[in-house]
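Dear colleague,

Please find the structure below, together with a summary of what was found in it. I would be grateful if you could read the two side by side.

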Amino acid sequence: MVRVGILGASGYGGAELLRLLKGHPGVELVGFSSRKYEGKALSAAWPQLWDERLFLPQEEVVGRAEVVFLALPNGLAMGLVPEILRAGKRAIDLSGDFRLPPEVYEAWYGIPHKSPGLYQEAVYGLPELHRAELREARLVANPGCYVTAATLALAPLAAEGVLKGAFVVGLSGVSGAGREGEGTFFAEVNENLKPYKVGGTHRHIPEMELNLGRLLAQGHTPRTHGARGEVRLSFTPHLVPMIRGILVTAEAEVEGAWDQGKLDALYRGFYAGEPFVRVLEDLPQTKGTLGSNRADLKPLYEGRTGRVLVFAALDNLVKGMAGQAVQNLNLMLGFPEDTALPKEGLWP
Ligand SMILES: NC(=O)C1=CN([C@@H]2O[C@H](COP(=O)(O)OP(=O)(O)OC[C@H]3O[C@@H](n4cnc5c(N)ncnc54)[C@H](OP(=O)(O)O)[C@@H]3O)[C@@H](O)[C@H]2O)C=CC1
Ligand SMILES: CC(=O)N[C@@H](CCC(=O)OP(=O)(O)O)C(=O)O
């Protein structure tokens, strides 16, 4: 059994990690932290759990664990990971701290980086692209929900070398903003739809461009720190009145002559054998992925404009976050990749 700890276990990511890891046959959960709930039972923070074990201080969780999940706001993991790694442990960070080159991170997140040297150590945690590297990783930079959806949607076109650019529209449920999410009061979100962080300002843009740029330069299985090409994306996120789920529609500008058959063959070939990516005949919908670790995709050739549309749906807290982190843990520890991860979800 591998001893696993969770920092930030009173947040939405923490809750989803608890749900998944409690069912993992190779994992012993040895500690969970929260400032607010320290010394209180898990069930005090989480009414859905029947578990009276106590939240512990961060240091104690780290001390007990061999692998530490960090489900904390941006800017905290960078101060904790150096000590975790020095102690010979492995870390999976759910925040943005190690996903981007430090100078790019500082420019887009507005947070000075405390451990810039560790970026070179971090492996980007998208298993569909970085599986081999993840098996050896000590530090994983786990991608978030929008970026996972957009990258999976456009990766086959980028790896084929035909992606010139894309307009990406994202729709997210409110749990994407975390348990204390700003602007997610029921009275202001219900029966309402709103765009936010528009006009090229959302911090996920450089991460999407980096991922697709790596694929352009390196093809199907890029190295995190290998060569990258240039792709320009427009990204427009919206908040929608639902709890979970992300739907991304990417309108791609592509080189060459395409038709539906060629597009289907590209996507089916690229994702052949992937345990958690399904290329559909029909259009994906968020509810079809609810609670599962799946991303559902549909590429569509639009003959009138010569554009390629790709629709992607996933559960932001599972494939867009905690499920992906468990998938990475499985790779790092040599467990079957789908251990403790649901391929199917909840309906209705
Ligand atoms: N929600 C989503 O869909 C996704 C989120 N992410 C990323 O994952 C990370 C966690 O997100 P999420 O679970 O939604 O966030 P939440 O706000 O729901 O949870 C944050 C957790 O961090 C703890 N925390 C907050 N501030 C501090 C602090 N200063 N020191 C120590 N602990 C602190 C909180 O507990 P307490 O206050 O009790 O200490 C809580 O346990 C974030 O970096 C987020 O960007 C990534 C993908 C998707
Ligand atoms: C609805 C909402 O606010 N969503 C968040 C996305 C959360 C996420 O993907 O987290 P990471 O930033 O860790 O990737 C946002 O737009 O910033």
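**Nonpolar core**

In this predicted model, the largest nonpolar core has 102 residues, of which Phe69, Ala149, Leu154 and Ala312 touch the most other members. Such a core is a set of buried Ala, Val, Leu, Ile, Met, Phe, Trp, Tyr and Cys residues joined through C-beta atoms within 7 Å; buried means that 20 or more other C-beta atoms lie within 10 Å of the residue's own, with C-beta atoms placed from the backbone. Helix α7 (residues 145-159) supplies the largest share of this core, twelve residues. At least three core residues come from each of domain 1 (2-143 + 320-333) and domain 2 (145-315).

Beyond its neighbours within four places in sequence, Leu154 is in contact (C-beta atoms, placed from the backbone, within 7 Å) with Leu163, Ala166, Leu212, Ala250, Ala252 and Val310.

**Domains**

The bounds of domain 1 and domain 2 come from an automatic or database domain assignment. Their C-alpha centres lie 24 Å apart, and 23 residues of domain 1 are in contact with 26 residues of domain 2. On the domain 1 side, α5 (102-109), β5 (122-124), α6 (127-135) and α11 each supply at least two residues. Helices (H or I, at least four residues) and strands (E, at least two) are DSSP runs, numbered from the N terminus.

**Ligands**

The shell around ligand 1 holds 29 residues (C-beta atom, placed from the backbone, within 6 Å of the ligand), and Gly11, Gly13, Ser95, Gly178 and Arg179 come nearest. Two or more residues of this shell are given by each of α1 (12-21) and α11 (318-333), and α1 has the largest share, with three. Domain 1 and domain 2 each contribute at least three residues to the shell around ligand 1.

Around ligand 2 are Ser95, Gly96, Gly144, Cys145, Tyr146, Val147, Ser172, Gly176, Ala177, Pro237 and Leu239. Both α7 and β9 (232-239) give two or more of these residues; α7 gives the most, with three.

**Confidence and conventions**

The chain averages a pLDDT (the predictor's confidence in each residue, from 0 to 100) of 97, and 100% of the residues score at least 70. The model scores ipTM 0.98 and pTM 0.98.

Residues are numbered from 1 along each chain as its sequence is written, while chains are lettered from A and ligands numbered from 1 in the order in which they are written. Local features need pLDDT of at least 70 and side-chain atom pairs count only at pLDDT 80 or more, whereas totals for chains, interfaces and linings use all residues.

With kind regards

Key:
A residue is buried if 20 or more other C-beta atoms lie within 10 Å of its own, exposed if 12 or fewer, and partly exposed in between; C-beta atoms are placed from the backbone. Two residues are in contact if their C-beta atoms, placed from the backbone, lie within 7 Å.
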